[in-house]
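This briefing goes through selected local features of one protein chain. Please keep the sequence and the model at hand while reading.

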Amino acid sequence: MISLQVEDLDLLVEHVDSTNYKRTCLYLTSSSRFLPSPDDTLALDIAYTIYMKFEDLASALRIALLLDNKSIQYVKQVYTATDDLVLKKQFSYIIARHGLAMEIDDEIAADENDKEMLQEIVNNTKLSEGYLTLARDIEVMEAKSPEDIYKVHLIDGRGASSSLDSARQNLAATFVNAFVNAGFGQDKLMTAPSDSSSSGSSGNWLFKNKEHGKASAAASLGMILLWDTDSGLAQLDKYLHSTDTHVVAGALLGIGVVTCGVKNDCDPALAILMEYVNKDDSNIRIGAILGLGIAYAGSQKDELRVQLSAILGDPQATLEVLVFTAVALGLVFVGSCNEEIAQSIIFFLMERSEAELAEPIIRLLPVALGLLYLGKQESVEATAEVSKTFDEKIRKYCDVTLMSLAYAGTGNVLKVQKLLGICSQHLEKGETHQGPAVLGIALIAMSEELGAEMAVRSLERLLQYGEQNIRRAVPLALGILCISNPKVNVMDTLSRLSHDADADVSMAAIISLGLIGAGTNNARIAGMLRNLSSYYYKEAAHLFCVRIAQGLVHLGKGLLTLSPYHSDRFLLSPMALGGIVTVLHACLDMKSTILGKYHYILYIIVLAMQPRMLLTVDEDLKPLPVPVRVGQAVDVVGQAGRPKTITGFQTHTTPVLLAAGERAELATDKYIPLTSTLEGFVILKKNPEYHEE
């Protein structure tokens, strides 16, 4: 610890021994969040070196994934440091959870079969199977209908039987159904067996939606079959031959959703979607383009860069097609700092006319540009300089968005102060850049608990003194800070705001109630939303938001999370964060995006959906039930002795669910886990020193 103050960390490596290396590394990794720029990576580098020295390879891999600029080369080092195939399988699970696109080459595994097996794990093909194992174990396989979620019978008085604007109600039901049954492969609207009705009920539900509503309905099939690529592509195929362009567009988007986060060597999604990218109908184009963006998020595939950049220069394409093309590029190349793509988006922004810049959908362009630099800090500066030359309508908006995305998840205090400064200005000319500034505060401060708490307090201030356009963004910012983590104080604030006099504030608060409760089945939030549905029974727009929020709270019947952090809040998945940011920026102007004809933007949130499970498997990757203790995580950095890392635990048998801020440890000495952080897929090997009593 002293060597940290006197700036001589290199001495550490020689002086640590096998008894205290874990504690030293924990101190280094935890303090790296509070250190200024070059020192933080240095501390992590030293921790990596120490972990490698004591062959705690899984922990070293975790740091390798955190150190972005050297990520791939460090990951290779970790793989080649061992000959144990089982360990390599565990590394592959960690990489798959993080979403790193990686080729397993001959250096990593010489044998062809091993190589294929590891690549399969990295490609995340096992995810669907593991998720369904968990669902069967907890006995929640039975499909749920939207009515099961609304629980109308619990609401007293009016609004219990409102049947307003039925197409919009059906659209809301489509989303609720997709969110609740996500990944289960069966539901009561889209996949119901055909013998129950004369001609297959799934077709009937599709046509209970109007025009662009059909697109979301077809795409919802992709969400229900999430991660199960084979049956997903088979079931979506029939919609591709439809004569209705909206249905085709939805099916293409659904293909993207179903393959989200799961890679495949023969790239079926790429093959199908590429055929439709240059069709004449702009709905179909958007479906195919967004589908590619979701399916290949973070993969940095070069052929996609070529194809999609070509569309940006296409004079025939409509504005919305071009905007979604930029967003798809941003998602595929998230955090890559790719100069060429940045250039083409910048040129595209410069060529827009006054009238086009006034379009609400334009606000997604700066987001697309920012996604390229997500979490990459200084790398954004050159692009930010260029953005100062834009049309004054969009200049500040772009500047703030770029800064907030580049520093997302870094906890950089100076940038938070700068954004707070922007929020305190008094604006005249109806500028809109304070919204992204508020979201930016939340994005930057979400990296650690302390910063998040302070940000919640600053946001309370903004509510009291801020202008109207700031107040509209505050609920969304609170939604990011506590995503899938319903903290009571935030819940109360949002509950108060959900009855706000300003329609935009109340709608944002309702959506955010859904975000903080996402996948938790939180009873209190579910109750609040039921009350809101009767309070707003005459307001179609508010009711739609309430339904979306109800769907989010019961996401995957409570088995999924939207939190972009994993591995004990240590690693941040760029794809997940990219998805959340895109959806929230669209929510800054709900009336023209989510409530207008772009409601399918909501499907981008699929990038952040992950099972919040711990599934233990044996060396042959078969599920292996063992007792584990699950409890609130305790921060033990720098404490003497061997303090307990969890408190108030209960003992369960795996597979188990982990809520936000919970940690698991094995309750038996019979097995040794191959990774210190028990989350997701964990391989156990038998403990040779264990003797049964």
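The model is predicted. Helix 22 (residues 364-371) is largely enclosed by the rest of the structure, because eight of its eight residues are buried.

**Salt bridges**

- The side chains of Asp-105 and Lys-76 form a salt bridge with an N to O distance of 3.1 Å. Asp-105 is in the loop between helix 7 and helix 8 (112-122) and Lys-76 is in helix 6, so the bridge ties together parts that are 29 residues apart in sequence.
- Asp-105 has a relative accessible area of 22% and is partly exposed. Lys-76, at 21%, is also partly exposed.
- Asp-500 and Arg-471 meet through their side chains in a salt bridge of 2.6 Å, N to O. Since Asp-500 sits in the loop between helix 29 (488-497) and helix 30, and Arg-471 in helix 28 (residues 468-481), this pair ties together parts that are 29 residues apart in sequence.
- Asp-500 and Arg-471 are both buried.
- A salt bridge of 3.2 Å, N to O, joins the side chains of Asp-504 and Lys-591. This pair links distant parts of the chain, with Asp-504 in helix 30 and Lys-591 in the loop between helix 33 and strand 4 (610-611), 87 residues apart.
- Asp-504 and Lys-591 belong to one network with Arg-472 and Asp-502, joined by salt bridges that share partners.
- Asp-504 is partly exposed, with a relative accessible area of 22%. Lys-591 is partly exposed as well, with a value of 47%.

**Buried helix**

- The buried residues of helix 22 are Leu-364, Leu-365, Pro-366, Val-367, Ala-368, Leu-369, Gly-370 and Leu-371.
- These buried residues pack against helix 19 (319-332), helix 20 (339-350), helix 23 (381-387), helix 24 (392-406) and helix 33 (574-587).

**Surface patches**

- Asp-83, Asp-84, Glu-619 and Asp-620 form a negative surface patch. Asp-84 is placed in the loop between helix 6 (71-80) and helix 7 (85-98).
- The relative accessibility of Asp-84 is 31%, so this residue counts as partly exposed.
- Phe-34, Leu-450 and Met-454 make a nonpolar surface patch of about 350 Å². Phe-34 is found in the loop between helix 3 (21-32) and helix 4.
- Phe-34 counts as exposed because its relative accessibility is 56%, and the cut-off for exposed is over 50%.

**Backbone geometry**

- The peptide bond that runs from Thr-654 to Pro-655 is cis, with omega near 0°. Pro-655 is in the loop between strand 7 (646-653) and strand 8 (656-657).
- Glu-55 has a positive phi, near 55°, and is not a glycine. Its place is the loop between helix 4 (37-53) and helix 5 (57-66), and Glu-55 is exposed, with a relative accessible area of 60%.
- Asn-521 is not a glycine, yet its phi is positive at about 55°. Asn-521 is in the loop between helix 30 (503-516) and helix 31 (523-535), where it is partly exposed at a relative accessible area of 35%.

How values were computed. Residues are numbered from 1 along each chain as its sequence is written. This is a predicted model: local features need pLDDT of at least 70, side-chain atom pairs count only at pLDDT 80 or more; totals for chains, interfaces and linings use all residues. Side-chain values use heavy atoms; hydrogens and water are left out. Patches are made of residues with over 30% relative accessible area and no salt bridge: like charges are joined within 9 Å, nonpolar side chains (Val, Leu, Ile, Met, Phe, Trp, Tyr) within 5 Å. Accessible areas come from the Shrake-Rupley method with a 1.4 Å probe; for residues, only the protein chains shown count as cover. A salt bridge is a side-chain nitrogen of Lys or Arg within 4 Å of a carboxyl oxygen of Asp or Glu. Lys and Arg count as positive and Asp and Glu as negative; His and the chain ends are not counted. The place of a charge is taken as NZ of Lys, CZ of Arg, CG of Asp or CD of Glu. Helices (H or I, at least four residues) and strands (E, at least two) are DSSP runs, numbered from the N terminus. Buried means under 20% relative accessible area, exposed over 50%, partly exposed in between (1.4 Å probe, protein chains only). Contact means heavy atoms within 4.5 Å.
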